[in-house]
Amino acid sequence: MSDLALKSGGLDLSLGDIVRLDEVVDREALRDVCRSFFELFNLSVRVFSADGTLLADAHEEQSIHAYLRTTQGGERALREDQDAVIRATPSAPVQLGEITGAVYDVVPIVYHGRRVGRFVLGPYLPAEMKEVPKALLKADPALEPEKVRDALASMPRVRRATAERVAAHLRGILDLLVFSSHRAHLTSEMHVASVREGYRELAEKTSKLQAAYDRLKELDQLKSNFLATVSHELRTPLTSIIGYSEMLEAGIAGDLNEEQFDFVRTIHTKGDQLLALITSLLDLSKLEQGVMRIEPEQLDPAELVTDVAKTFEPAARKKEIDLIVAVAPGLPRIGADPVRVKQILSNLVENAVKFTPKGGHVVLAANEAEMEDGADGLGAVLLALPRRAVAFAVRDSGIGMPSGELSRIFDAFYQVDGSSTREHGGTGLGLSIVKRLVDAHGGTIDVQSALGEGTSFTVTLPEAEDGP
Amino acid sequence: MQIDFKAREITVKLVYYGPALSGKTTNLQAIHKLVAADTAGRLMTLETRDDRTLFFDLLPLTFAGSGGIQVRFKLFTVPGQVIHNATRRLVLQGADGTAFIADSQIAETRANQQAFLNMQENLKENAIDPVTHPLVIQFNKRDLPGVRTDEELDRLAQKGREPVYKAVALRGTGVIETFLGLTDLTWRHLEAKHQLKEKFGLDPDVFLADVRERLGLCGEAAQ
């Protein structure tokens, strides 16, 4: 029912509405206006609220009314007519008569398309009326025609056109009065409401912050415990395993025969792999919990690419693979964590070198690109604005992947062919970490591949933002 | 929306939202100037400082529907300045439709985005779903230098769902079109929700054509 609020009477701040005149207009001011009107035009003025409450009354007792009230029939006839005037709620101005031949103008006060009240102008005798109405003399047998005529003579006489002008004038003044009062009323209501809303917002934020702070403290504790446990409990024995197998390999505990040496080397290699896997798992869990700290700096893409290429040159040379670096000039700086962005590129280049056969080539390129964010269509015209970016591409002439697999390669532990882990090594976590790291930087990663022709990964990272 | 069955009166609240100085008040002033006095009431400006709205502006428009139904549109603006967020949220309360007035100047892109996101947030705070809420977007100040080209706007507009209007509110261009677009969207939304045709015999097509006819001439006159 929140949006279908049925009118309950009273001021509705959300619509800035008024239902009754007296909700906003000061009665004293209204009385003053009516009084000055009465003095200026010698015409009685009464203002009623929409529910019929008399708000202002400036009138003078007419002698004809006083005389009529001395008789029973006259009093009754007058009361009936005057009641009809008071009860009238017309939607447009009307003129109502009474037994004396005098008339009243009943004019609705319309504000914002709604009748909030009405005013009654009169009684007055139409200037055009010449004779005493017969019905008046017949109202009661005790009425004396001479006295009736005398009393009627003191009633104000007004031309119809004049009465209309006076009514229009009063309507204009009342409209202005309602408007000004309404504005003043809304202003004060808004002052109060704004302060209250501002306070509510602040209190809510404070309590949310406090709750978040408490929870963070708790999480921080949990996280520290977990990481400490994992790194200590898993890594410590593993380090020993690796260390002792290394020593065995080095012959510190005596010479090994060929078979023993092979076994020990396998333990050593697998130990290293396990250590890498634990490290990757730690990375992944940090990324998934959102506790991986990304500390962006303004980075030069060219420097970054050269740096990564240098690291893999020896490995590439060993496999007789051509490692080609192609950086477009004048690239914008990107805003990224240097350690993490190197991890992204290293992982991709390492894979490329790994899956490219002897004599092939790997290209590491950086080009200017454009990004558009705000994907859900809502307000796209405002939000999906192009942004400068840098696209890092790693292309190889390796074994490639079937197109059906491409959507799954970023899943954790997924490898196109389960056997490749055994054949080529690796944890199956690399690409899923790369994907999450790219996401954490607000970037995108795309892959294109054809079986037997090679694979191309493109990582697009946005330009560094200026200022804080 | 407010329905008064006894008085046969429907009140619809439309809010003009947008960043500071994008021309929300100017839109209302233009409508007030262009629409006949028997339809538009007095434009109320609540508290301003240096020409900046502090609370809101309010323009009432009244249309008589068929069968003696009074349809009242209340047009509100919000204060655009960032610090008046509490007031913006209050004004947005119970809004039936919103016109987002964006500044076309490229330099104002970020201000537009921030105001739009702020609007979505405030709609949610008021328990209004921004996804289904009737919304039109107006790119105002098309006559200034350093604005996005029409082609670019059209291309970007196609990515979104909401109707996009171009305007020069100071000259009254595009203002009536924006209002009519918003009214159309809002009324059809309300019809689907409250079956006004069934309850009041108010046919949406007939009523909207009526509103268009009453205001359409004003729009043409401004061109």
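This is a predicted model: local features need pLDDT of at least 70, side-chain atom pairs count only at pLDDT 80 or more; totals for chains, interfaces and linings use all residues.

Visitor: Which residues of chain A lose the most area to chain B?

Guide: Leu378(A), Val381(A) and Leu382(A), which together make up 16% of what the chain A side buries.

Visitor: And how many residues are in contact on each side?

Guide: On chain A there are 42, in contact with 56 residues of chain B.

Visitor: What about charges? How many salt bridges go across the interface of chain A and chain B?

Guide: The rule finds 7 there. One of them pairs the side chains of Arg114(A) and Glu9(B), at 2.4 Å from N to O. Counting residue pairs in polar contact between chain A and chain B, with both at pLDDT 80 or more, gives 12.

Visitor: Which elements of chain A give two or more residues to the side that touches chain B?

Guide: H6 and helix H10 (380–383) of chain A. H6(A) gives the most, with 16 residues.

Visitor: Back to Arg114(A). Which residue of chain A does Arg114(A) meet in a salt bridge?

Guide: Asp17(A), at 3.3 Å from N to O. Asp17(A) sits in the segment before helix H1 (27–41) of chain A and Arg114(A) in strand S5 (residues 114–126) of chain A, so this pair ties together parts that are 97 residues apart in sequence.

Visitor: Are Asp17(A) and Arg114(A) buried or exposed?

Guide: Both Asp17(A) and Arg114(A) are buried.

Visitor: OK, chain B now. Where does Asp143(B) find a salt bridge partner?

Guide: At Arg171(B), with the closest N and O atoms 3.4 Å apart. Asp143(B) is in the loop between strand S7 (135–140) and helix H4 (150–159) of chain B, while Arg171(B) is in the loop between strand S8 (164–166) and helix H5 (175–194) of chain B, so the pair links parts 28 residues apart in sequence.

Visitor: Why does Asp143(B) count as partly exposed?

Guide: Because its relative accessibility is 40%, and partly exposed covers what falls between under 20% for buried and over 50% for exposed. Arg171(B) has a relative accessible area of 55%, so Arg171(B) counts as exposed.

Visitor: Which residues do salt bridges with shared partners join into one network?

Guide: Glu197(A), Arg200(A), Glu201(A), Glu204(A), Arg89(B) and Glu125(B). Over all chains, the salt bridge count comes to 36.

Visitor: Switching topic: where is Thr98(B)?

Guide: In strand S6 (residues 97–103) of chain B. Thr98(B) is buried, with a relative accessible area of 0%. Its side chain makes a polar contact with the side chain of His133(B), at 2.7 Å.

Visitor: What else is Thr98(B) in contact with, leaving aside neighbours within four places in sequence?

Guide: Besides His133(B), its contacts include Val15(B), Tyr17(B), Leu92(B), Met119(B), Leu135(B) and Leu182(B).

Visitor: Last one, the surface. Which residues form a nonpolar patch there?

Guide: Leu216(A), Leu219(A) and Leu222(A), with about 290 Å² of accessible area together. Leu222(A) is in helix H6 (residues 160–249) of chain A, and this leucine is exposed, with a relative accessible area of 51%.

Key. Residues are numbered from 1 along each chain as its sequence is written. Chains are lettered from A and ligands numbered from 1 in the order in which they are written. Side-chain values use heavy atoms; hydrogens and water are left out. Patches are made of residues with over 30% relative accessible area and no salt bridge: like charges are joined within 9 Å, nonpolar side chains (Val, Leu, Ile, Met, Phe, Trp, Tyr) within 5 Å. Accessible areas come from the Shrake-Rupley method with a 1.4 Å probe; for residues, only the protein chains shown count as cover. A salt bridge is a side-chain nitrogen of Lys or Arg within 4 Å of a carboxyl oxygen of Asp or Glu. Helices (H or I, at least four residues) and strands (E, at least two) are DSSP runs, numbered from the N terminus. Buried means under 20% relative accessible area, exposed over 50%, partly exposed in between (1.4 Å probe, protein chains only). Contact means heavy atoms within 4.5 Å. Buried area is the accessible area (1.4 Å probe) that two parts lose on being put together, summed over both. A polar contact is a pair of N or O atoms within 3.5 Å; within protein, one must be able to donate a hydrogen and the other to accept it, and residues adjacent in sequence count only if both atoms are side-chain atoms.
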